[in-house]
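Subject: Handing over the structure

Hello,

Here is the structure I promised to pass on to you.

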Amino acid sequence: FSTIKSAGPFTEANGYLPELVIKGDQIKREVGGGMCQIGTTLFRTAMNSGMPITERRNHSLVVNYYFDPVNRNPGTDATVYDPVVDFKFMNDTGNYLLLQTVVNYKTQKLTFTLWGKPDGRKGSYTHPLVFRWIPAGETRTIEVDDLKPGIKECQGAYKGAVASFVYTRVTSSTEEIKQVFDSYYRPLPDICRVGKQPDSTCPVGKSCP
């Protein structure tokens, strides 16, 4: 099962709206942003259903709304970004599966249920452990041309982390398989964009670099 193949294309014509994505050191809106909520929920659903996980990548930054719901640590997220970053799991049941989705807009809760013929398999995962938190570092200031002189816009800091958890699945033949998922989240300091001040040495009426 490929999340990108099943949910795409991520276009306005297909009903997608601009939402936040991580683009290098910037957090900005892009059509199809927010798909990581789908990837993360699918990841946890597949593990709770005992499915083999074939492709998963964590976010590059620690995003608090993807924290583990029990211990509030990062580590059980899965990011999706078309066309190269996908979340995939394998249906090795030999039968069809039905993925049912429900959104509660009042509680802002998304629930996935994977229906299929029972074959004795089980799946569970430990709550993630953070082995190291990495300080975000000092504020970075960048002069830009797309803001009025002296105007400042700042983006909040993200501390980094090294986290890990263990996924255990028991197959229909009672074989127990453990898979360790390690995640590295890079630190990112406060980044402030400041509009460049005009060059006071430039003569009036002249174009200066």
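Below are my notes on what was found, grouped by topic.

First, a word on the ground rules. This is a predicted model, in which local features need pLDDT of at least 70 and side-chain atom pairs count only at pLDDT 80 or more, while totals for chains, interfaces and linings use all residues. Residues are numbered from 1 along each chain as its sequence is written, and side-chain values use heavy atoms, with hydrogens and water left out.

Let me start with the disulfide (a pair of cysteine sulfur atoms within 2.5 Å). Searching the whole structure gives 1 disulfide. The partners are C154 and C192, with 2.0 Å between their sulfur atoms. C154 sits in strand β10 (residues 152–155) and C192 in strand β13 (residues 191–195), so this pair links distant parts of the chain, 38 residues apart. As for the names, helices (H or I, at least four residues) and strands (E, at least two) are DSSP runs, numbered from the N terminus. The torsion about the S-S bond of C154 and C192 is about 110°, which means that the disulfide is right-handed.

Next comes the interior. A nonpolar core is a set of buried Ala, Val, Leu, Ile, Met, Phe, Trp, Tyr and Cys residues joined through side-chain atoms within 4.5 Å. The largest one has 20 residues, and those touching the most other members are F43, M47, I53 and F87. At least two residues of this core come from each of α2 (36–48), β6 (109–115) and β11 (160–170). α2 gives the largest share, 4 residues. A second, separate core has 5 residues, including V62, F67, A163 and Y185.

Which residues does F43 touch, leaving aside those up to four places away in sequence? The list is I53, R56, T76, D77, A78, F87, F165 and F181, where contact means heavy atoms within 4.5 Å.

Now for some backbone details. As background, most residues other than glycine have a negative phi, and most peptide bonds are trans.

- G8 and P9 are joined by a cis peptide bond with omega about 0°, and P9 is in the loop between α1 (3–7) and β1 (18–23).
- The bond from D82 to P83 is cis as well, with omega near 10°, and P83 is in the loop between β3 (53–55) and β4 (88–89).

Positive phi values also turn up in residues that are not glycine. R72 has phi near 60° and is found in the loop between β3 and β4. With a relative accessible area of 47%, R72 is partly exposed. For T174, phi is positive at about 70°, and this residue lies in the loop between β11 and β12 (176–185). T174 counts as exposed, at 64% relative accessibility.

Finally, the charged pairs. Side chains of opposite charge can pair when their charged atoms come close. A salt bridge here is a side-chain nitrogen of Lys or Arg within 4 Å of a carboxyl oxygen of Asp or Glu. The whole structure holds 12 salt bridges, including the following.

What separates R186 and D25 in sequence, and how far apart are they? Their side chains meet in a salt bridge at 3.0 Å, N to O. R186 is in the loop between β12 and β13 and D25 in the loop between β1 and β2 (26–31), so the pair ties together parts that are 161 residues apart in sequence. R186 is partly exposed at 23% relative accessibility, and D25 is partly exposed at 31%. D25, R140 and R186 are linked in a network of salt bridges.

K23 pairs with E30, their closest N and O atoms being 3.4 Å apart. K23 is partly exposed at 34% relative accessibility, and E30 is partly exposed with a relative accessible area of 25%.

R121 and D119 form a salt bridge too, at 3.0 Å from N to O. Here R121 is buried, with a relative accessible area of 15%, whereas D119 is partly exposed at 26% relative accessibility.

Technical notes
Buried means under 20% relative accessible area, exposed over 50%, partly exposed in between (1.4 Å probe, protein chains only).
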